[in-house]
Amino acid sequence: MLVQLQYLRAIAALMVVYFHAVLQLAKVNPAVDATAFVYGETGVDIFFVLSGFVMWLTTSGRAMSPIDFARRRIKRIVPLYWLATLFSATVALVAPSLLKSTVFDLPHLIASLFFLPWANPADPSTITPVVVPGWTLNYEMFFYFVFALLLPLQEVRRIPAMFAVFAVILIACRLLPETTMTRFYREPIMLEFLAGVVLGWLYGQKVLLPNRWAWAALAMGFAFLSINEALMPPESRFYAWGIPAIFIVYGAISIDFSRLPLIGWLNYLGDCSYSIYITHAFTLAFLRVAADRLPIGILQQPVLFVILSLVLSSIGGAIIHEITSPRRRKVAVASRPAGRLPKARRRREYASKRR
């Protein structure tokens with residue numbers, strides 16, 4: 001396992017939590033103008049590039065049918081997402097005042113459960129599911145669908161076929177009459193998955209950056225990601241945000257992290273990143289309600305609110321992760337290499353891969 005992927009997952013998830021926490025400040029304390037501190041939306045772009053990389057890495061050189069691939073992805077994604085979606089819909093039905101961006105609507109709920117783009121009844125200008133951050137999962141599942149269909153092809157033909165399929169989809173969605181589906185799937189953000197796939201292929205071919213250039217790419221990627229997020233609108237995210245995300249992932253996978261101390265808590269948050277991403281909206285909603293109802297205004301302090309958002313979202317995501325996937329975690333812990341010999345072996349394997 002490449003531990004740097006775990007680190008990037010954790011960082012991307014916390015970036016999104018921070019982004020939404022700052023947005024919540026306007027509701028918690030309208031007197032605070034936090035627009036200058038709105039960062040972190042680009043964590044999604046890191047997630048997308050990582051997803052393409054991991055999908056290629058876990059299927060390259062292995063015989064895997066589309067059904068097996070789909071079964072694994074569904075098992076990983078669907079249970080927690082459905083639970084969160086049904087919980088949100090129930091709250092919207094019985095206590096609508098607690099939610100700001102969700103109203104109960106049966107067609108919207110059904111579309112959300114099946115990862116279909118649907119205009120949010122609370123804000124028809126946005127195409128978001130019941131659990132608003134789940135809009136990214138609509139893209140993820142569509143990418144998985146296309147990826148699975150192309151698995152029967154010879155491996156050497158999959159990447160060109162993937163580019164051809166997504167090119168046709170993007171062009172068709174821009175030429176066809178505008179609908180919710182064509183509006184959603186014409187966005188070039190989907191190409192970030194393909195960039196991750198290409199990075200996976202480069203990794204498999206041992207085409208990696210030298211160590212010093214890898215660190216430079218990682219640092220420059222994060223620097224330009226912050227700068228571009230401040231200067232460029234989301235409409236240009238494919239190149240303004242996507243390219244720095246590509247630099248970040250390529251730099252990270254080129255670095256031999258086995259030579260560095262393991263950051264245990266960050267590695268663990270990488271395990272919990274999906275749970276954090278799905279559940280953090282509930283944590284922020286809880287903090288917003290608490291800030292409105294507590295007699296003292298301690299939660300209305302911007303810095304404290306953001307810190308609590310990050311900490312409680314991480315704790316909540318970890319708890320949900322432990323509840324929903326205890327067996328998988330135990331296996332991962334049991335199979336973790338220990339001692340000097342496995343570490344040396346990992347270094348030798350990494351060195352041979354770079355050669």
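The chain exposes about 18,100 Å², of which carbon and sulfur atoms supply 68%; accessible areas follow the Shrake-Rupley method with a 1.4 Å probe, and for residues only the protein chains shown count as cover. The model is predicted: local features need pLDDT of at least 70 and side-chain atom pairs count only at pLDDT 80 or more, while totals for chains, interfaces and linings use all residues. Residues are numbered from 1 along each chain as its sequence is written, and side-chain values use heavy atoms, without hydrogens and water.

The secondary structure comprises 16 helices and two strands, taken as DSSP runs numbered from the N terminus (helices: H or I, at least four residues; strands: E, at least two).

| Property of the chain | Value |
|---|---|
| Span of the C-alpha trace along its principal axes | about 60 × 50 × 40 Å |
| Buried residues (under 20% relative accessible area) | 46% of the 355 residues |
| Contacts (heavy atoms within 4.5 Å) between residues at least 6 apart in sequence that join residues at least 24 apart | 75% |

A nonpolar surface patch is formed by W82, L93, V94, F104, L106, I110, F114, L116 and M181, with about 870 Å² of accessible area together. Such a patch takes residues with over 30% relative accessible area and no salt bridge, and joins nonpolar side chains (Val, Leu, Ile, Met, Phe, Trp, Tyr) within 5 Å; a salt bridge is a side-chain nitrogen of Lys or Arg within 4 Å of a carboxyl oxygen of Asp or Glu. Two or more patch residues come from each of α3 (66-94) and α4 (106-113), and α3 gives the most, with three residues.

F114 lies in the loop between α4 and β1 (119-120). F114 counts as exposed because its relative accessibility is 54%, the cut-off for exposed being over 50%.

Note on methods. Patch = residues over 30% accessible without salt bridge, like charges linked within 9 Å, V, L, I, M, F, W, Y side chains within 5 Å. Buried < 20%, exposed > 50% of the residue type's maximum accessible area, 1.4 Å probe, protein only.
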